[in-house]
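Have the viewer open and follow along.

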Amino acid sequence: MQTVVKKKTGAVLVQGGGIAGIQAALDLANSGFKVYLIERDSAIGGMMSHLDKTFPTGDCATCIVSPKLVECARNINIEILTLSELIDLQGDPGNFKATVKRHPRYILEDKCNACAQCHEACPVNVPNYFDRNMGTRKAIAKHYAQATPNIFNILKKGHSPCKVACPANINVQGYIQLIKKKEYIKAVNLIRDRNPLSAICGRVCNHPCEAKCTRGSVDEAVAIRLLKRFASDQEMAMYEAGEILLAEEKTAAPGAKKVAVIGAGPSGLTAADDLAGRGFAVTVYEASSAGGGMLRWGIPQYRLPAKILDYEIELIRRRGVNFVYNCRAGENISLEKLRQDHQAVFIAAGVQISRNLGVEGEDKTGVNYGLEFLRQASSNDNPPQVKDRVVVVGGGNVAVDVARTALRLGAKSVQMVCLEQRQEMPALPEEVEATLDEGIKVHNGWGPRRILGNGTVTGIEFKQCTSVYDKDRRFNPVYDEKQLITLEADQIIIAIGQALDKQFTKNMGLETERGYFKTDPVTLETPVKGIFAGGDCISGPASVIQAVAAGKRAAESIARYLKNEDMRISRFEDSVKPIAEELLPSAKGKEKKPRSIPDNLAVERRNGNFTEIESGLSEEAALAECDRCLNCAQCSECLECVTACEQSAINHCMGERIIELEVGSVILTPGFEEFAAEKKGEFGFNRYPNVLTSVQFERMLSASGPFDGRVIRLTDGKEAHRIAWIQCVGSRDARSANQYCSSVCCMVSTKQALVATDHTHDLKATIFYIDIRAHGKDFDQYYERAKKQENIAYIKSMPSRIIQIPGTKDLRVQFYNQDRKFEEREFDLVVLSVGMEPGATVQENAKNLGIELNEFGFCATDRLTPLSTSRPGVFVAGAFQEPKDIPETVTQASAAASMSMELLVEARNTLVTNKLYPTEHDITDEKPRIGVFICHCGKNIASVVDVERVTEAVSRQPDVVFATHTMYTCSDTSLSNIKQMIHEHRLNRVVVASCTPRTHEPIFHETLKEAGLNPNLFELANIRDQCSWVHSASPNVATDKAIELVKMSIARARLLNPLNATTLAVDQRGLVVGGGVSGMTAALSLVDQGFKVHLVERAGKLGGNALELSYTLEHEDISSFVVSLIKQVESHPNINLHLGTEIAGVAGFIGNFQVNLSSKGEKTTVTCGSIIVATGARPAETSDFLHGKSKRVITQQEIEKLLKQGKFTAGQQNIVMIQCAGSRNSERAYCSRICCSMAVKNAIKLKKQDPDSNVFVLYRDIRTYGFREKYYEKARQAGVIFIRYEPENPPVISDENGLVARAVSPDFPEPVEIEADYVVLSTGIEAPKDNRTLADMLKVPLNNDGFFVEAHLKLRPVDFANEGIFLCGLAHSPKMIDENISQAHAAAARAATVLSKTQLEVNAQVSKVDQEKCISCMTCVRSCPYSAPFVNTDRKAEIAAANCMGCGICVSECPAHAIQLAHFESRQFNAMIDELFQVLPEENPEPAVEPVKSGV
Amino acid sequence: MSLKSFEPVIIAFCCHYCAYSAADLAGSARLQYPANIRIIRTPCTGRLEVDFFLKAFERGADGVIAAGCEEGSCHFKEGNLIAKRRVNSTRNLLAEIGLDKERLRMVNIGAADARKFANTIKEMVETVRKLGPAQAKNDKNPQEISS
């Protein structure tokens, strides 16, 4: 059988665009792999982009992460897929098929140029999640200021409850937001889009939207109906004031298809309006003399004035609708005739007949019916007769209207009687209220029994109604015939409902169902093709808005019918998607604001007239009301952004997309979510506004955060002076949260306290903690520094509760103090140091991908294979593997990249793209020919800066041969235009005046390259960020300044030179110094990636410290792992092993190192392209605690060995362990990170071996970070006794009468004295003294403790500042075996970015020494931070271009002015200064060329 | 020229990685500050020569700012510290030639600190406005000071 070996795919999917994902992507892309970087949010950057400063260096997080973001975006082999999720993964390592779900951004990524005009236009403010809801953002915005990709996105969660509740699905939130912007006409148009009866519904709608309004859960629903009315009234007022004109009258085009609409009620009007708008020829046939139907004849004018009705019908008429009045279908014109004359018919006849009671005496004189009564009342010529005492039967809106109308027409007393109890009445509550106000008595719970009188009514008898509806909510009244009342009356008006006229249905000849026309519920088509029916005539009496909805539905069907389209698929109604309830804005913490109430006509002024009662909201009240809207759906779809966007980049109809990607491996870097602090109810988060989470506080500190970096209280905005931090909120808390330690919070709080101190004068910071875990490199020193500050107090206690003091809103923290006494302290602000959790969606997603999770829900990994998930080919890095800080995250990211590279070694360079450019045009002998392009940036620049004046002014500058201004210089068309102009005008320098080079220079460089010009012949003047945006109030000044800036750029451009990156051949071999676990792992990783490696070990054998290691917390047998590692290294053909060998000298630079080796006096030289330092460290020595004096005082390493060999039997002995023996003191200031876990490990072992032994651990802080916390807990459960001591009072060991340990603990009232059988010291790790020798040879630095110093503590943890040299293992700092393994892989990945290339491109912006001028003073050699300058054979300074970073420090330091930095030459700076102060001669020269002013 | 109408011209050399970024952020945050400032971008404040400062004054600048990363955060490790040293020595030099040393200032501004950028400019403009026009430009033989 033949097996087909499938070729592996040279692409990797990285899931999660935080710093881990970014680092992994960069390493892979820089080593010959294609990367898909998948990010859930709309921009990459993850948690790091939220941070203010980083510890322990105090670096600004934005400053250090931004360049990485830009680098990622620029790399053509990294495809960033934002708003995306990996949902499925099929296939095997090397050949996966990944399914990715892409959520819509609603903005076309290739069109958006981040001009922010949409942002200006957007009226919707929603809580800004990026700032953890402390401020607001627009619904359309960038994720954060430095977002990459630099484009906007729209937040949409579905449709708001109001829109969903509205039968016509009017975009309520949208028009409210438009009203807020005072865009009244736009608001009304948005309403009319779904409902042409805007002003009418603004008065009479029964507003089901308000019942569902989320604001109701805070206080009261938003007054939606009144806002609709307000907008409509504004429109009418503008029309009446002559400010706007009504739309021009339209008529349907000849030949347009014809539609007949029967009935001019709300349903018919809506359908007619819609269909006319679509271009059909619509005729409405109305039986009465005017349009409006029930709106005109059924609703009294005090609620809906005829003027309003006439206005809106006129608007509909102007759309091209033809009205035929006094024409009763079925009588004056037959349905047959209508069908002949029209292609479709819509029956919207309503219900016209009042139902009768069917009781005795109904035929008596003085009995009237509601509808007829109202109809008569509405027709001015023949008002109905009203008697003195009127009883109205019914509880609906018609009954109420009847009663109130009767009162106005002169009745002396009006009473209403209905079956329903008050709250059950079908009439609107506010209408019932008004009825009562007007003095009408309402009798609830009575049903008519008989009407009394002789021929003429004298009264009416009622029986008690005990229930109206049955348990299924069906109308099924039950009466108590024994309970009767009689009301005296001269007139009885019955208003208990309406029905369809039977004669009319007969005349129509259509099928009916329970008395109404039968229709299809989706299309509203009757069984007869082309005939549709809707509104009350198919459903029975319903609300106006339901009639409107029916009209809309019918219109859509009719339009499709006439165009021969499917009437069922993808209808508008189907597109309305309610927001999931859990995504609705929370009522928590929302300030209560009363609902706006309109002024109503006083009751005493209503009598005898039909003046409109409600007056509508004032503008002020309406705007206040808009502010109450919670913007449930976030984006309101008001479409203001669409209008504002000149790039047509916005598409609100985008949907989800599913794409498939072929990848060889997957790296999971989804990061973490912070613990939900409200789960710890005792701290009052979300209830007490001055209780913040640490992430919120971070945003508060950030200069780009919601408060510009001011530390304030959210309740009153006052500066906070007393701040408390509470550690371990959600961590180290197995009972109510998570058992593990989140590793970083102690340092985060320490940093926050230090930074806050900087921000606020007189700040008093208090940190409540359990143990301070400052286990990272240089962390302990940072912590000690903070502790020494007088204003930072550390209190070892876990507070039990926070109470908010009423009035001041200060916070009272309750806790047990050092003396075990209950204490309370008050603070202005409390910060909860929330721990890390794997996101719930991430967990679920991982399960779907077949990734096992550990007991805490993080990705399950093994300490010896920390980067491998349970699924081969899928790797993990960062916080999803275990809570960790940035350096470990970045390390793991590089390490996971190396795992992918090892797996896909043969597919390297198979899928990467190398863009080809035309040959560069040689400009050596040319005079400068400068082209200048001034950008409008839409309105961003042009609305302030007079771009024409700028163009005109700069076009006169010498050497400028072309100048123009363009709308968006960075748009595709403009870029093409630049290329064309370069050719047409033979430009050899280009100046663009637009925005910032930080984001846009790469785009223009690319354009120059495509046009055959060297990219460095480009200069950008930033007239947006430096002129229009910051001097917007002074256009003239801004314009003058812009002219100067552009002139300065021109002056500089004149002197620009093409720079050509030189390439160096790379020696593709690696060299690893050190043969311990780290060195061996790094070497194996490199050979597995296909490189040859020299492994240099000073000892005669491999293994290093690990040879001494017996077991770890998690692994019983570590030596077999080490033995297997040694075997692999020894047997690998591509590892050139140099045992017993030392490094004797290093020369060369990245890509080409020459390393001298010395073995027993024998010297050889090997070459390599990259060096990895893995020289390790060793257990520290101490002479404290009688070590070396008593045989019973041993170290942890020694007891471990004895335990392993079975030579140590605890047997009921007392074993005292002392932590920090000889470390964390003035001599060795750092924490060795491993000792606490080591002590816990050995203590557990001892207790396991002999539970009767007593094990005491004397400690300062137990630092079992991450999941190791579990073992600390285990040790305590096993009975290990932990006793804290303070450094000022260390334990004392004496051996006078047997070994005795004495300790003074702050946690014990008395000193502790233990007769010890053994004392075990945790001595820590120290750096070898001779590190200095190697450091000098490599020209790399060591820190005060003798460990090697990486290029950057946070983001370049395994790089040296000197290119091509990398670092891993204990040589870097003390750490655990899994961390060493990760670092080793990381160093290999970083080395691979060099070794994977045959040619290395050397940065062209480098410094160069003029050999003639060099005076051999060697100042440059001393001042360069990168050791780039060296002394050459002529004893002059020379700069190794490969090592030069382009800072220019040497240039400015050189006393002989012998050095220049390419692209930042002194003359270029000077030219700009000269230009700025250039006084132009009085007689301005004529412009060199006529400026080209078009191009906009 | 009366003092009231005196509009100083100030050159701000901003490092690409921090201060220039902060200026950008001031732009996107629409923070308003006086238009008297002209920014010249430099890869690092460590690149700035004493000659640039002197030349600026000689040509007519009323004030000069060297704006770099926060101390300890320099993209090139210690360029901003070197710049600080040079600025300080130049300030002494200014005193010698009769210019107030407050006309030249070294500031450290993180990339996210738009407000600090805007405030720095405001303060500098105020300071220089009070000091009045720099005399260097009226010097008859300006070449001397920058050689």
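What follows goes from ground rules to chain B, then cavities, sheets and single residues.

First, the bookkeeping: this is a predicted model, where local features need pLDDT of at least 70 and side-chain atom pairs count only at pLDDT 80 or more, while totals for chains, interfaces and linings use all residues. Residues are numbered from 1 along each chain as its sequence is written, chains are lettered from A and ligands numbered from 1 in the order in which they are written, and side-chain values use heavy atoms, with hydrogens and water left out.

Start with chain B. Its secondary structure comes to five helices and four strands, where helices (H or I, at least four residues) and strands (E, at least two) are DSSP runs numbered from the N terminus. Reading from the N terminus, the elements of chain B go β-α-β-α-β-α-β-α-α. Of the 147 residues in chain B, 62% are buried; buried means under 20% relative accessible area, exposed over 50% and partly exposed in between, with a 1.4 Å probe and protein chains only.

Now for the holes. Rolling a probe the size of a water molecule over the atoms shows where empty space is left. A search of the whole structure turns up 14 cavities of 30 Å³ or more. A cavity here is a set of points, on a 1 Å grid over the protein atoms alone, where a 1.4 Å probe fits but cannot get out, and lining residues have an atom within 4 Å of a point. Grid points are joined across faces, edges and corners, and a volume is the space filled by probe spheres set on the points.

The largest cavity holds about 330 Å³ of space. Its lining has 30 residues, with A:K884, A:P887, A:E888, A:R1233 and A:E1379 nearest the centre. Helix 27 (886–903) and helix 39 (1377–1395) of chain A are the elements that give two or more residues to that lining. By type, the lining of the largest cavity splits into nine nonpolar, ten polar and eleven charged residues; Ala, Val, Leu, Ile, Met, Phe, Trp, Tyr, Cys and Pro count as nonpolar, Asp, Glu, Lys and Arg as charged, and the others, Gly among them, as polar.

What about the second largest cavity? About 220 Å³ of space lies in it. Among its 19 lining residues, A:E1019, A:L1020, A:M1472, B:I39 and B:R41 are closest to the centre. Several elements give two or more residues to this lining, including helix 32 (1035–1054) of chain A and strand 2 (37–42) of chain B. The lining of the second largest cavity divides into eleven nonpolar, four polar and four charged residues.

On to the sheets. In chain A, three strands form an open antiparallel sheet in the order 4-5-27; two strands pair if DSSP finds at least two bridges between them. Strand 4 (84–92) and strand 27 (657–663) of chain A are its edges, each pairing on one side only. Strand 4 and strand 5 (residues 95–102) of chain A pair over eight bridges, with A:L86 opposite A:V100.

Another open antiparallel sheet in chain A runs 48-49-50, with strand 48 (1142–1149) and strand 50 (1162–1168) at the edges. Strand 49 (residues 1152–1159) and strand 50 of chain A pair over seven bridges, and A:F1153 has A:C1168 as its bridge partner.

A cis peptide bond joins A:F55 and A:P56, with omega about -5 degrees, and A:P56 sits in the loop between strand 2 (34–38) and helix 2 (61–74) of chain A. A:L83 has a positive phi near 50 degrees without being a glycine, and A:L83 counts as buried at 12% relative accessibility. A:D762 also has a positive phi, near 65 degrees, but A:D762 is exposed, with a relative accessible area of 56%.

Note on methods. 1 Å grid on protein atoms, 1.4 Å probe; cavity = no way out; pocket = protein on both sides within 12 Å on 5 of 7 lines; lining within 4 Å.
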